[in-house]
Amino acid sequence: MTDAYIFDHVRSPRGRGKKDGSLHSVTPINLLAQMFTAIKDRNDFDVTAIDDVITGCVTAVGEQGGNIGRFAAIMADYGDEVPGMHVNRFCASGLVAANYAAARVMAGQADLMIGSGVESMSRVQMGFDGGAWLIDPQVTNKISSVLQGISADMIATKYGFSRTDCDQYAVLSQERTKSAWDKGHFNNSIIPIKDSIGQVLLDRDEHMRPGTTVEDLGNLKSSFNDMGEIGFDSVILQKYPEIENVIHVHHAGNASGIVDGAAAMLIGTKEAGEKHALKPRARLVSFADTGTDPSIMLTGPGKSARAALARAGLSKDDIDVWEINEAFASVVLRFCQEMDLSTKQVNVNGGAIAMGHPLGATGNMLLGIALDELERTNKRYALVTLCVAGGMATATIIERI
Amino acid sequence: MTNKAIKFELDNDNIALLTIDVEGQSMNVINEDFLRELKAHIEKISSDDNIKGAVICSGKDNAFLAGADLNMLLGDLAMNDQASPEDIFKTSFSLNKLFRSLETCGKPIAVAIAGLTLGGGLELAMSCHYRVVADNDKIKMGLPEIQVGLIPGAGGTQRLPRLMGIQAALPYMLQGKNMSPKQALASGVIHEIAPVGDIINKAKAWILGGGKAEQPWDQKRFKIPGGQGVYDPNIVQTFMGAPAMTQKQTKNNYPAAVAILSAVYEGHQLPIDLALKVESTYFAQQIMGTVAPNMIRTLFVNKNKADKLIRRPKDQPEMKTKKLGMLGAGLMGGGIAYVSAMAGIEVVLLDRELEFAQKGKDYSKTLLDKAVSRKKINQEKADHILSLITPTADYADLEGCDLVIEAVLEDVDVKADVTKKTQAVVPDSCIYGSNTSTLPISILAKASKDQQKFIGIHFFSPVDKMPLVEIILGKNTGDEALAKALDYVRQIRKTPIVVNDSRGFYTSRCFMTYPVEASNMLAEGVSPVLIENCGVYAGMAVGPFAVNDEVGIELSYHIGQATKAALGDAYKAEACDGVIEKLYKELGRKGKKNHKGFYEYPEGGKKFIWPGLATHYPLAPEQPNQEYVTKRLMYRQALEVARCYQENVVTDPEDADIGAIFGWGFAPWTGGPLSMIDTIGVDKFVEECDALAQKHGSMFDVPENLRKMSANGETFYGS
């Protein structure tokens, strides 16, 4: 099997996913194209050598529909000859795009690939693509489909995380994110987003709320009480008959934020790197996609992490840097509980609770953040994982070169 | 052609008048005659150039059309095992095809409605081009099929949403609720309301005024009000929420609910002809399942037979109760007085002190005041009903009573005393009923002058809400007493079952096994939340611990003690006994009464399982799964029912199943415990109970009758 290497990674700052967000005026294809342009400019190589562009995007309808990556590459002046495809594994799409780009390389069917992700949540509303798993009664009944927030609350209930546990973790995320920005940990990868005449629209995450305290968060009302009451609590409780009630602990302050963002990763063989003068920064060691109960939905990361570790022949203790997507505080807490990790060991530069979670891009961003951290600390292995709607999860292990 | 269901007339304007008047039925229902004749009439209306259009109405006052004849349907179902899916689909689709041919016959069809319009009745109406309904708020229109485990199968899931919008239509089908003519007009289901004498003329006038023979959904630019299609945010929201709201109610025990949602979800995206096929597929799916046949049999066919007093001795003349002596004015006595007065029966409400008797009457006053404030009845009528109840502490006032019901303290001596005092006053012909829930009727009857006239009339609490009355025959109870008791139950519009004397009779005896088995499991260290939820999710009306709290842990203790004393060495102790004793005697937890039971009842808050249970009954490290816990709860009850059947306590499977569902809230979707055993398969049930008995003890011992049935390949309901 051919080894797949990461040569470069870029990501946008994350703009608030609302009409007043700094990236709201930027079309998603433009957002993604600016990532592709950065890859080209930073590495100064012949981009027509790229065999394919894979783009993760979750709500792939409207201006995010129609295989956005193919046309973003053209917009970034990669020429007509670089094809593109779209993948959707919900929240892990951006990571899966990198994994599958690597897989093509490993299989000997490509030399140079881009794995990328984009989501402009301010422009294309989450859930706007519908889906049988949400609205077809035969399907929703079969899988006991509930809103993700209800699943996250059930995780907290079932595994014993209190509202305060979740809020404390959220504050930690804010502190770490601020510290990471202040210390410049993200400087190597963040690409400021510009308008058509080159004015900078955003060069720093704008969803963060540094200085948030547990007391501040304590004042927020939990978000899913009402939806739980109309029936969703019942649906998931019927799946877990040992639980009496769902305790609703999540709110906007301890769940991932809605933001706009994009990211890209240049991946290829050692030979392609040599040919185009690209320096390998890390090797993609292993990855895994797994499925678990779609109703509680977000408990998959432990399983996928173990699967990726097993595939790599590594143990938990070999991993130096852990990234577990902060979709909801309880997801991170459960992952740590299941993997017997301290929250000190994961997400040391903060995460989506503070920075936001641009669905299709986040996985790609997390892989980049892990790579930066390995380089900063001179460590070897990083494991990145995300919980995924419908009970899935994806995990990837990389090794710094 | 002879008309057995639909009369055909042509008026001077060449408008056909189809009058539905189904022979041999008190209420119009869709039966084979109806189908055959409607088909012929449609063909004639369509092909005869002279006929301008048609008006459909009813020849019966009470109903326009009350839906399909479920007896006929059950007959069709009986051949289920042999029928192929194709056959069942064909049968299911035939009504859709017929109604579709009506709305596409090329002539304007109007319907004039003056009575009950349910199920297939409303579906027929919606297949007409114009609907006029009489201005009578009491007319009920709706699609209640789900109540017997079915889905609307003659276009209801397609036409109702197309008329009133999907979100508005779903509750009518998922909950089976009715609409009044005014609601139907406001939501676009009908076109016009008119005085009852004018409805046919209004319908004709619409035809003569050039009414179009085309349904909205056959027009090119038709749009469903409120949105349609999976790209519509309203529709997305509806279909995200509705299944969850539905599952909260159904606990996934009623497949018809999901079928209705799917028929609407899939069908509304299709042209009507294809949509109707999708509906018929989901209808056939219910017919091919087990829930609908069981529900139809018990909740409709057999319940109707019970309501019509199938168990009544035929040779006894009708004996309506005119004056009831109600002995004891407590919660039960007060409730019985209320339902009796509501039926127009004069009631003498007797208690030891006039004050207590008056308090019993106040129970009726409270209920009637509420009914008046909700405009259910007027003040005058309420006053009259209340005036029928005479509170007293004087036995002499019982003079002239033709029926007496005793509901005093559960004590043989106290009851004997009351019987004697009463019989000293009432005429010899008076039938004497006891509402005891625990003491054998044959023992109580010994205090009576005439044991033939002594009978058990067992009500359930709260009397005004619970639909069942359990009639208990003592050893010497005569036919006259039975006929009298049944006639009375019919008067107060409740459903009777008739059982033989036994400790706890039928319902109390079987019901108790449910909380008992729950406590047995608790004692073993099974999670009380898991046990409770398994009961609720299995479709029981209430969880076993909640119901034990309602009944009272105190009462459970006393019944247990009494049973122990009565049975002596024959008494079989269970782990539950210790749980009840500990909770009541040691911990002072009496149940809901003192806000301390298996549950905690915080002031103004939601009740929750008492966390202290975990201290006394620590969770076992290995917990059984949901299926296993559910089996123990449900099989335990079903076994006791089977034992009652073997011991002749209950003599008919029909009574056993009706009594279980309406008496103690046994899961209605099963059709009752004996239907449940049939559905599981007697073989398999016996085998599983043997395994449970091996593991948990003799409470799961299989009675001989069941074993015999299993060996002979028999079932309770035959087939």
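Reader: Before we start, how are the residues and chains labelled?

Author: Residues count from 1 along each chain as its sequence is written, while chains get letters from A and ligands get numbers from 1, in the order in which they are written. The model is predicted, so local features need pLDDT of at least 70 and side-chain atom pairs count only at pLDDT 80 or more, whereas totals for chains, interfaces and linings use all residues.

Reader: OK, what's the mean pLDDT of chain B?

Author: The mean is 95, and 99% of the residues of chain B reach 70 or more. pLDDT is the predictor's confidence in each residue, from 0 to 100. The model also scores ipTM 0.94 and pTM 0.95.

Reader: Which domains is chain B divided into?

Author: Domain 1 (6-289), domain 2 (323-502) and domain 3 (508-648 + 652-712). Those bounds come from an automatic or database domain assignment.

Reader: Let's look at domains 2 and 3 of chain B. How many residues are in contact there?

Author: Twelve residues of domain 2 of chain B are in contact with eleven of domain 3 of chain B. Contact here means that the C-beta atoms of two residues, placed from the backbone, lie within 7 Å.

Reader: Which element gives the most on the domain 2 side?

Author: On the side of domain 2 of chain B that touches domain 3 of chain B, S18(B) gives the most, with five residues. The elements giving two or more residues to that side are strand S17 (468-473) and strand S18 (495-500) of chain B. Strands (E, at least two residues) and helices (H or I, at least four) are DSSP runs, numbered from the N terminus.

Reader: And what classes are the residues on that side?

Author: Six nonpolar, five polar and one charged, for the side of domain 2 of chain B that touches domain 3 of chain B. Ala, Val, Leu, Ile, Met, Phe, Trp, Tyr, Cys and Pro count as nonpolar, Asp, Glu, Lys and Arg as charged, and the others, Gly among them, as polar.

Reader: Back to S18(B): what sheet is it in?

Author: S18(B) belongs to an open sheet of eight strands with mixed pairing, in the order S13-S12-S11-S14-S15-S16-S17-S18 (chain B). The edge strands are strand S13 (389-392) and S18 of chain B, each pairing on one side only. Two strands pair if DSSP finds at least two bridges between them.

Reader: Switching to helices: how do H19(B) and H21(B) pack?

Author: Helix H19 (residues 507-524) and helix H21 (residues 544-551) of chain B pack at an angle of about 120°, with their axes 9 Å apart. Axes are lines fitted to C-alpha atoms, for helices over the stretch in contact, and angles run from 0 to 180 degrees between N-to-C directions.

Reader: Which residues meet there?

Author: Tyr514(B), Pro515(B) and Ala518(B) in H19(B) meet Pro544(B), Phe545(B), Val547(B) and Asn548(B) in H21(B). That contact has six nonpolar, one polar and no charged residues.

Reader: What about chains A and B, how many residues are in contact?

Author: 19 residues of chain A are in contact with 26 residues of chain B. H9(A) gives the most to the side of chain A that touches chain B, with six residues. By class, that side of chain A divides into nine nonpolar, seven polar and three charged residues.
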